[in-house]
Every structure is written in structure tokens, then in C-alpha cells.
Amino acid sequence: MIIVMQKQAAPEAVDKVVAFIRSRGLQEHISRGEERTIIGAVGDERVFHPNELERLPGVERAIRVLNEWRIISRETQPESSVIAVRGTSFGGGRMLDITADPQRMGSADALFADPFYLPARPYAAGNAGSGKEQIRTMQAAVACCHEADKPAVVRIRDVRQLAPALEAETDVLYLGGELMNNRALQDEVGRLNTPVVLCKDKHHRADEWLVAAEHIALRGNHHIILGEAGTLSFEPEHPYRLDVDAIVRVRKASCLPVIANITRLWHGDMPQQILYRLAEAAGAAGIVNSLQSLPA
């Protein structure tokens, strides 16, 4: 950890930072310049968060030297991961067309199914019915994919749906952003040998996304794909937007492939065709879409 003190910070402020560092079992390395003092915290910096130091008097900012993700980092594995599923490579250099429309599965590389989706209102159109009906819908989608020898990417929304998805021989488990903080489910998928897509939620930062992926990797499952499905927007009519910046950042920091789900992000001012190209430019390894045909 590197702590940058404010200009002309008082010696007492430096002493407080040093005392804090020592209280956590680390050692300090002080470099005094004409205007600023820079303090290095030597040791396992994961014992505290940069915010704790930035709240101390005289501290301008604190910067981590080590990240909280190691298994999935570029430092550990400089080359990009490639996850092969039924002969289809996620992260193999070719961007995959992952369709949410079963009628277009013949021309796509994989099918995305969301059989457990339930609308917020109980009487809204599109209610998928009982749990048994949802499972039958999932089984039919997976079987259809396997007949075509293509991967089935199935979204689960609760830990109770994990067993039925595995029994149906789902190829890739898709965890939506609402499961980003569900450590119990991440523990479960971390013990499997099944590829998993981990999406961040609309309010999560890229570093939180990578920490959650590291949590899965720590349990032994390294077949991890990061999923971007939208972040908060300032436009009241279109509250979510594609987080292109996050895709670029995690691809730089991590060896994991990234797919973008644009099925719920498009609108009149931002059609799917443009979102598709934006995700492609950011380096996505695959795009979940409901397009009738791909952009020319």
C-alpha cells in the first residue's frame, strides 16, 4: 500500500499513519519530499481497506500495490483464458454469437435461456408459472441445444435451481448480477467443474466483480466467464447502459473472458446493432442478444 500525504502534512499526521500501519502488523517506509511525504506500508496490505487510511488526517489518497484477485489476474496468468464447451471456445479470439431466440439457434454459437425469470408483478404477462414448469422449459431448451451440439447457457436465480440445472446437463451456468453478493451460491459453483458466467450488478464496480470471481476460483473452479449486463445510467428514460469501461478494465486486469448481455439494454436511441458493435470493440468474447440477424 502506498499512502500519499497532503501537501505540507503535519508531522503528527504522518505519525498517526505510521501508528495505524504498525497496529495492523505492517512496517512503514517513509519518503519525504519538499512538498509531500509518501509512506509505503510493507506487508500483507489486505488487512485493511484504502478507505480506512484515507479517513486519517493529512492523507490525500491510499493506493493498493496488490489486488485482492490473484488466481484470475494477468500477473498470475498473462495469457487469456479459453474455456471450451462442446467445441465452442469462450475467449478463443472469435466473438461468439449467443442468441436468446431459440428460433435462431441454428445460426448462433450458443443459446441463452432464462427459464426461471419471474416478472416483478404477479399478474404481469410472461409469468413463467410453477417451478416444475420452469424446470421442464429449461430441460427442453438444453435438450434442443444438445441435439444441435451447441452449448446451453442457463441463467439460475437461486441456489435451489442449481441442482435441476445440473441434472439437465446445462453446459454453462449463468449467475445474474443479483447474485454478485451470494457467497453461498458462489461457494457451490466454485466446487463444480462446470463453466460459470458471473455477472456484476448495475451498481457494482469492476474491482468488486473481480473479487467475486476470485471467490469462485479459490474453491477450485477456474472455468469462469465474466458477464456484463448493464450499469446505472443518468438518463431517466433509459436507466441502464452497457458498461464498456468495465469490460475494458477487467480484460486488462484479469485473464478471464468477458461476454456482454445486451438483451435488456437496447432502446430507441441505442439499438442492439450499435450495442453489439460497442461490446465487440471493448473486447467481449461473446454477446448475448435477441437480434434477428447480426450487424453487417
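Begin with the cysteines of this predicted model, where the count of disulfides, each a pair of cysteine sulfur atoms within 2.5 Å, comes to 0. Select cysteine 144, which takes part in no disulfide, and then cysteine 145, whose sulfur is the nearest cysteine sulfur to it at 6.1 Å. With a relative accessibility of 36%, cysteine 144 counts as partly exposed.

Select cysteine 255 next, which counts as buried at 3% relative accessibility.

From cysteine 255, move to arginine 74, whose contacts beyond its neighbours within four places in sequence include Cys255, along with Glu79, Ser80, Arg251, Lys252, Ala253 and Ser254. Arginine 74 sits in the loop that runs between strand 4 (59–63) and strand 5 (83–85). Although arginine 74 is buried, it has no salt bridge, and the nearest side chain of opposite charge, that of glutamate 79, is 7.1 Å away.

Now turn to the largest nonpolar core, which has 52 residues, and select Ile156, Leu175, Val189, Leu226 and Leu242, the residues with the most contacts inside it. Helix 6 (residues 206–218) gives this core its largest share, 7 residues. Centre the view on isoleucine 156 and, setting aside residues up to four places away in sequence, look for the residues it touches, among them Phe116, Leu162, Leu173, Leu175, Leu179 and Leu185.

Finish at a second, separate core of 16 residues, where Ile3, Val14, Phe20 and Phe48 are included.

Note on methods
Residues are numbered from 1 along each chain as its sequence is written. This is a predicted model: local features need pLDDT of at least 70, side-chain atom pairs count only at pLDDT 80 or more; totals for chains, interfaces and linings use all residues. Side-chain values use heavy atoms; hydrogens and water are left out. Buried means under 20% relative accessible area, exposed over 50%, partly exposed in between (1.4 Å probe, protein chains only). Helices (H or I, at least four residues) and strands (E, at least two) are DSSP runs, numbered from the N terminus. Lys and Arg count as positive and Asp and Glu as negative; His and the chain ends are not counted. A salt bridge is a side-chain nitrogen of Lys or Arg within 4 Å of a carboxyl oxygen of Asp or Glu. Contact means heavy atoms within 4.5 Å. A nonpolar core is a set of buried Ala, Val, Leu, Ile, Met, Phe, Trp, Tyr and Cys residues joined through side-chain atoms within 4.5 Å.
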